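My plan is to look up the links between side chains and jot down where each partner sits.

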Amino acid sequence: MRGKIVPVILTGLLIGCTISRAKYPEQLAASECDLYESCDLLEAFGGSYEQCEEIVEIVEIARVSAEACDYSGADAQRCIEAMSEASCDDLRDDALEEESPCEMVCG
């Protein structure tokens with residue numbers, strides 16, 4: 001793990017349990033790629049943690065910047081917390097659920 005999860009959680013605590021639209025893509029990329037790395041799933045990103053972060057961040061910037069996105073900083077915080085606490089088994093289980101906290105960010 002790259003040790004980025006702790007700063008992400010601390011940042012959330014310091015700003016009142018919300019994450020700004022500008023910070024969310026970077027924080028999600030760190031949390032998500034930490035999970036993928038711990039679950040040996042970086043091969044989808046060429047085996048590179050840095051490539052994972054770059055791709056996830058680009059996708060999320062586009063999503064939260066879209067005109068149709070009614071961004072919620074509170075839902076973004078819940079998403080980051082859920083991602084930071086997720087296990088490899090959760091990745092499989094979450095794929096079967098209808099909506100994850102991360103899908104709620106753009107309500």
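**Ground rules.** I call a residue buried under 20% relative accessible area, exposed over 50%, and partly exposed in between, using a 1.4 Å probe and protein chains only. This is a predicted model, so I take local features at pLDDT of at least 70 and side-chain atom pairs at pLDDT 80 or more, while totals for chains, interfaces and linings use all residues. My residue numbers run from 1 along each chain as its sequence is written, and side-chain values use heavy atoms, with hydrogens and water left out.

**Entry 1: confidence.** I began with pLDDT, the predictor's confidence in each residue on a scale from 0 to 100. The protein chain has a mean pLDDT of 84, and 79% of its residues reach 70 or more. Where does pLDDT stay under 50? I found that stretch at residues 8-15, for which the model has nine contacts beyond four places in sequence. For contacts I use heavy atoms within 4.5 Å. A reminder to myself: where pLDDT is low, the predicted coordinates should not be read in detail.

**Entry 2: salt bridges.** My rule is a side-chain nitrogen of Lys or Arg within 4 Å of a carboxyl oxygen of Asp or Glu. How many salt bridges does this rule give? I get two.

One of them joins the side chains of R63 and E60, at 2.9 Å from N to O. Helices here are DSSP runs (H or I, at least four residues), as strands are (E, at least two), and they are numbered from the N terminus. R63 and E60 are about one helical turn apart because they sit three residues from each other in helix α3 (residues 49-65). In general, an α-helix has 3.6 residues a turn, so residues three or four places apart point the same way.

Is E60 buried or exposed? I noted it as buried, with a relative accessible area of 10%.

D75 counts as buried at 16% relative accessibility, whereas R78 is partly exposed at 46%.

**Entry 3: helix α4.** From first C-alpha to last, the 13 residues of α4 reach 18 Å, close to the 18 Å expected at 1.5 Å a residue. That expected span is 1.5 Å times one less than the number of residues. Which residues of α4 are buried? My list is G73, D75, A76, Q77, C79, I80, M83 and S84.

**Entry 4: disulfides.** I count a pair of cysteine sulfur atoms within 2.5 Å as a disulfide. The structure holds four of them, and here are my notes on some.

C39 and C88 are bonded, with 2.0 Å between their sulfur atoms. The torsion about their S-S bond is about -105°, so I logged this disulfide as left-handed. C39 lies in the loop between α2 (24-38) and α3, and C88 in helix α5 (residues 88-96), so the pair ties together parts 49 residues apart in sequence. C39 is buried, at 13% relative accessibility, while C88 is partly exposed, at 37%.

C69 and C106 form another disulfide, their sulfur atoms 2.0 Å apart. Their link is left-handed, with -80° about the S-S bond. Since C69 is in the loop between α3 and α4 and C106 in the segment after α5, the pair ties together parts 37 residues apart in sequence. Both C69 and C106 are buried.

C79 and C102 are bonded as well, with sulfur atoms 1.9 Å apart. Is their link left-handed or right-handed? I have it as right-handed, with 85° about the S-S bond. This pair links distant parts of the chain, 23 residues apart: C79 in helix α4 and C102 in the segment after α5. I found C79 and C102 both buried.

Last, I numbered the bonded cysteines of the protein chain in sequence order, and the pairing reads 1-3, 2-6, 4-8, 5-7. I also looked up C17, which is partly exposed at 41% relative accessible area.
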